[in-house]
Amino acid sequence: MIKLTRRQALLTGVATAATTASMPFAASAQDGGFISVIVNDPANPYWFTEGEVAKATAEELGYSATVSAHRGDTNVESNLVDAAITNNAVAIILDPANADGSVGVVRKATDAGIPVFLVNAEINESGIAIGQLVSNNAQGAALGAIAWQEIVGEEAKFVEFYGNPADNNAATRSNGYNTVLSQYPGLEKVAEEVANWDRTQGYNKMQSIMQATPEFDAVISGNDEMALGAIAAMKEAGRLDGVTVGGFDGSPDAVEAIKAGEMAYTVLQPVAVFSREAVIQADHYIKNGSAMVSEEKQLFDCLLITPDNVGNYTAAFTLSG
Amino acid sequence: MTDETSKMTDTPNASQAKPKGAFDIGHLILEGRAFFALIAIIAVFSFLSPNYATVSNFLIMMNQSAIFGLLAVGMVLVILNGGIDLSVGSVLGLAGVFAGFLMQGVELQWAGVILYPPVWAVVVLTIGLGAFVGYVNGVLIAIFKVPAFVATLGSLYVARGVALLMTNGLTFNNLDGSPELGNTGFNWLGFNRLAGVPIGVWILITVATLAGLLLTRTAFGRWLYASGGNARAADLSGVPVKRVQITVYMLSGMCAAIAGLVLSSQLTSAGPNAGFTYELTAIAAVVVGGASLMGGRGTVRGTLLGTFVIVFLSAGLVITGVSFYWQTVFTGAVIVLAVMLNSIQYGGLGKRS
Amino acid sequence: MTEAVLAARGISKQFGAVEALRNVNFDVHRGEVTTLFGENGAGKSTLMKILSGVHQPTSGQILLEGQPVRLTSTVDAANLGISIIHQELSLAPNMTVRDNIFMGREIMRRTGVDFAEEERQVRELMRDLEEDIDPRTLVEDLRLGQQQIVEIARALSVNANILIMDEPTSALSAAEVEVLFKVIRDLKARGVSIVYISHHLEEALTITDHAVVLRDGAMTAAAPRADIDLEWIVRNMVGENFDLGSPPQDHRMGAPALSIEGLTVPQESGTGRAVDALDLEVRAGEIVCIYGLMGAGRTELMECVAGRLPQASGAIRLHGRDVSRMTIAERIAAGLVLVPEDRQRDGLVQTMTVGRNLSLASIRDFTRGVFTDRTSEDEIIASSIKTVTVKTDGPDAPISSLSGGNQQKVVIGKMLATDPSVVLLDEPSRGIDVGAKAEVFRILAERASEGLAVVFTTSEVSECLSIAHRIIVMRRGKIAAEFSQDTTKEAIMTASGEAVVA
């Protein structure tokens with residue numbers, strides 16, 4: 001029930017009301033052609049927003065579009081790109097499954113004459129995709145770490161949750177945190193766990209940490225899901241009081257947690273912004289045959305959501321004002 | 001004596017006297033259901049999308065079928081034996097990573113040199129690794145009597161874990177090799193075409209042909225059908241039941257390793273998470289192809305058709321833009337329908353006395 | 001004559017092509033023991049399964065207290081007061097005695113199962129049966145005889161009016177049989193009608209009030225106890241006129257083909273010896289019959305010689321060559337083959353065709369290099385179908401389309417196709433009709449006259465006296481007696497322990 005409500009809220013946040021069931025062949029009457037949007041897993045509100053914003057923007061600009069999901073499997077990603085080629089897509093908006101593993105599929109699409117715009121994650125090779133539009137993870141991590149340190153102070157024992165190691169963002173964010181925090185010798189990291197961006201794993205890992213490490217007073221997490229899992233575990237054990245938890249992503253659930261006073265802050269990734277921007281750039285490329293922004297790698301700065309500005313969070317991953 | 005016998009032989013057995021006509025048509029559709037399902041899928045999607053029934057799309061779908069087809073051909077051998085191999089998805093991932101590892105060069109600490117094995121050696125060693133995992137499975141099952149489900153579930157975890165350990169969770173990207181090291185050509189497997197058909201498809205055709213010959217024309221094939229149908233009877237008839245069992249798991253592991261090579265070549269990268277849950281797709285393809293999970297019944301031809309049904313269906317759903325969730329529902333429904341038809345076919349024909 | 005509480009009228013039953021029962025009339029007398037005699041495969045168990053609702057008759061009627069009834073399930077039968085103790089134990093070994101006895105009809109209270117009450121009732125039953133079994137023991141921890149007692153206790157616990165006992169004593173010790181008979185007399189006194197089936201003819205005679213004899217699915221005789229004796233039963237069971245053949249005479253026996261010296265085989269379950277230091281020599285062209293009761297060690301002997309079971313000690317020589325370390329395949333190649341007892345479980349591959357089953361043991365003979373040679377396989381199949389006279393639509397017919405007798409011929413044909421010099425057959429006539437039986441024995445006699453050494457086991461006395469040159473009686477893993485072909489049925493049955501009251 002709650003989930004349903006949230007999903008509806010997400011949908012209304014998307015600029016245009018998108019009809020999820022529309023099919024490209026049905027919509028091929030629209031002049032612009034077909035844009036294939038490939039995201040990771042729409043079961044996650046972050047990627048759901050990413051896909052829906054891109055699709056809505058494409059339809060706004062006169063294209064037909066579908067959102068499909070590779071769920072982190074490079075083979076599925078490859079098959080989806082094949083389908084896009086078969087459907088004569090005019091552009092592909094892709095959230096790559098794997099920094100190394102997705103290079104091949106991007107090349108395949110480019111070789112077939114379809115411009116590819118990468119969103120959210122990068123690939124480890126430049127010059128193939130027309131644009132790589134990602135959050136400025138380093139800036140976001142530094143932003144989060146500074147906010148976190150201000151709340152925690154100079155003396156603390158803390159736990160870090162690390163995302164999926166196959167994803168560059170996990171390392172980028174962790175490095176960003178540690179660059180800031182290592183300047184305070186009183187901050188001692190008592191545990192670091194890989195929880196693969198996952199809430200359940202965050203929950204389980206936190207339970208283990210509480211067994212092994214009785215004393216800690218702050219948690220910094222590579223994303224919101226892992227942080228929320230850790231919060232749930234600590235709440236269950238009655239250990240949440242006095243523990244500062246910082247997240248990353250700015251998901252609706254995290255925002256709720258901030259409102260409830262369980263999470264101190266989260267770093268908002270401008271997914272709605274760069275997802276829309278990718279489609280606009282694709283439109284420009286289709287119409288003019290050249291890139292709108294000459295730089296391939298474009299970083300979009302992250303914003304901080306704290307109890308002070310949480311009221312400005314108007315729609316999923318959107319901070320207005 | 002001879003006359004009498006031939007007379008007896010000519011007399012139709014009471015239980016065999018079945019009405020002809022209508023029954024035979026139903027029987028034909030039941031027997032060839034995977035084939036008819038495939039025709040129906042192609043017809044429906046060709047109608048829904050102008051891009052579906054094109055040569056290039058068929059080649060793409062064939063290429064996608066290569067991976068699952070290779071796994072399914074190995075799987076059908078195991079299922080004919082009355083077993084199951086849950087480790088093939090993980091072995092696929094491990095094989096890709098192992099090939100990637102070899103392509104990066106193997107450093108020999110004691111000799112202080114880095115060996116760059118040529119591509120043919122990488123292929124042989126990787127297939128050998130698949131055979132080794134299969135051998136361990138086979139020995140656990142045949143000699144130590146570990147149930148196949150449990151033994152291969154164990155190797156599912158172990159193989160995946162080893163793949164993650166070898167790469168520390170990362171992906172090997174540089175599989176091209178370099179001319180001065182003499183190890184180029186890995187991408188040929190996945191990217192090149194022979195007579196317009198992708199190499200992966202040729203590999204599937206070759207492996208499937210060999211497996212088909214193995215099943216229908218060799219003593220081993222007969223042993224496999226017999227020990228899958230009734231291991232005790234096969235044993236008492238002099239069939240080396242344990243050797244057959246170990247061999248099928250080795251063959252399944254080798255097929256998975258070949259699939260891993262083709263996939264990492266197609267994607268030009270080898271990630272430790274490749275092939276996650278593919279064992280289930282392979283089992284589904286085998287079942288849709290008409291094999292019985294109880295063993296003893298099934299063919300390579302049916303398995304290939306089953307693979308095409310699953311791949312052509314999911315490709316069609318993607319091309320027509322059906323949502324991911326519906327794709328999952330459709331695939332599940334096809335599998336359940338196939339198993340139900342299997343029960344009708346084997347339950348209806350088998351009689352108990 | 002007492003009235004019939006349960007009566008079967010004109011019952012026939014067909015399983016596929018096999019006619020198990022033909023127009024059988026059968027009366028169960030109130031408060032008395034009615035014993036059903038008959039050889040294996042005569043249809044006794046089928047008739048009992050029809051009376052207890054397991055099977056439905058193809059035609060005919062069942063009358064309970066004179067009223068026609070339809071028994072569509074065992075629950076139906078139980079509700080009408082008919083209870084059966086099956087020949088095969090139907091207990092769940094992983095559950096306790098108490099839970100087994102009340103399985104499916106647990107005594108319920110509001111809070112769940114009333115284990116205390118169940119336990120009290122079980123203790124009472126066990127007291128009646130004079131058996132000291134704790135209700136909370138796991139069934140798998142009990143001896144086979146005690147498990148049989150539990151099975152009997154379960155049947156008694158439903159307060160049946162009619163109790164069918166299918167071979168209840170086969171696993172019991174002499175003392176336990178005594179107790180069971182006392183219980184049966186008590187039940188009779190309470191007005192319970194009992195149907196009793198046993199292979200131990202004399203044992204059955206001590207308890208029965210009426211005897212009914214079945215042969216090949218038809219009732220051949222029925223009489224009250226006062227009018228019959230052992231000889232009457234045997235005569236009616238076996239029949240006087242049917243000839244299963246006679247030993248081939250017109251050839252000379254050759255050198256010893258198979259010699260077994262001091263062979264000991266451990267029991268598969270638990271301790272003890274299934275075969276105990278047994279010596280046996282069989283010559284080329286000789287037909288030896290091994291007779292014995294269930295559990296005498298016949299099957300273990302056969303399976304050990306064929307290589308299926310390992311021996312504890314002793315030697316097995318084939319034409320003077322020790323084969324006891326060889327695999328089954330090597331023994332087949334050397335010329336020693338086994339036709340197993342249970343053809344469904346051990347003999348046939350149900351998923352393959354008639355032809356594929358026939359050629360299964362001789363695949364190596366038609367493999368040329370890597371591939372099998374279809375032409376020579378077809379020749380082997382065609383000649384096998386001819387020599388063992390299998391009635392089939394053709395080599396491509398499914399094996400399940402054949403009748404039991406023809407399936408058995410396929411199993412025999414499969415092994416004969418390997419061109420053996422010694423063939424072992426474990427109960428080759430089990431569950432096949434008389435015509436097929438005679439054909440099987442004719443084939444064996446024919447091959448023996450060509451020099452094949454044949455060893456077969458049977459639990460039907462009449463078969464011992466058909467084609468065998470020599471009859472070995474096994475008892476508790478040892479040879480109890482050895483007869484030539486001019487012995488009598490009574491002598492054989494005495495030696496096996498069958499005709500002696502336990």
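Student: What is the order of the six strands in the open sheet of chain C?
Tutor: The order is 18-21-22-15-23-24, and the pairing is mixed. Keep in mind that this is a predicted model.

Student: Which strands stand at the edges?
Tutor: Strand 18 (336-339) and strand 24 (478-484) of chain C. Each has a single partner strand, so one side of each has no neighbour in the sheet.

Student: And by how much are neighbouring strands turned against each other?
Tutor: By 20° on average, with direction ignored.

Student: What packs on that sheet?
Tutor: Helix 9 of chain C, residues 298-306. The strands touched by helix 9 are strand 15, strand 18, strand 21 (422-425), strand 22 (453-458) and strand 23 of chain C. The direction of helix 9 makes about 145° with that of strand 18.

Student: Back to strands 15 and 23 of chain C: parallel or antiparallel?
Tutor: Strand 15 (residues 287-291) and strand 23 (residues 470-475) of chain C pair in the parallel sense, over four bridges. Within strand 23 of chain C, Ile471(C) is the residue that stands opposite Cys289(C).

Student: Zooming out, how many helices and strands are there in chain C?
Tutor: Chain C has 17 helices and 24 strands. Along the principal axes, the C-alpha atoms of chain C fill a box of roughly 70 × 50 × 45 Å.

Student: What percentage of chain C is buried?
Tutor: Buried residues make up 47% of the 502. As for contacts in chain C with a separation of 6 or more, 69% of them join residues 24 or more positions apart.

Student: New topic. Which pair of chains has the most contacts?
Tutor: Chains B and C, out of two pairs of chains that touch. Chains A and C do not touch, and their nearest C-alpha atoms are 33 Å apart.

Student: How many residues of chain B are in contact with chain A?
Tutor: 29 residues of chain B, in contact with 29 residues of chain A. On the chain B side, helix 4 (55-80), helix 12 (241-267) and helix 14 (300-319) each supply at least two residues. Helix 4 of chain B gives the largest share, five residues.

Student: What kinds of residues are on that side of chain B?
Tutor: The side of chain B that touches chain A has 12 nonpolar residues, 17 polar and no charged.

Student: Last one. At what angle do helix 4 and helix 5 of chain A pack?
Tutor: About 10°, with the axes of helix 4 (residues 74-86) and helix 5 (residues 103-111) of chain A 9 Å apart. That angle makes the two helices of chain A roughly parallel.

Student: Which residues make the contact?
Tutor: From helix 4 of chain A, they are Glu77(A), Ser78(A), Val81(A), Ala84(A) and Ile85(A). Helix 5 of chain A brings Val105(A), Lys108(A) and Ala109(A). By type, the residues of this contact are five nonpolar, one polar and two charged.

Conventions: Residues numbered from 1 in each chain as written. Chains lettered and ligands numbered in written order. Predicted model: local features only at pLDDT ≥ 70, side-chain atom pairs only at ≥ 80, totals over all residues. Contact = placed C-beta atoms within 7 Å. Nonpolar A, V, L, I, M, F, W, Y, C, P; charged D, E, K, R; others polar. Axes fitted to C-alpha atoms, helices over the stretch in contact; angles between N-to-C directions. Parallel < 35°, antiparallel > 145°, perpendicular 65-115°, else oblique. Buried ≥ 20, exposed ≤ 12 C-beta atoms within 10 Å, placed from the backbone. Pairing = 2+ DSSP bridges.
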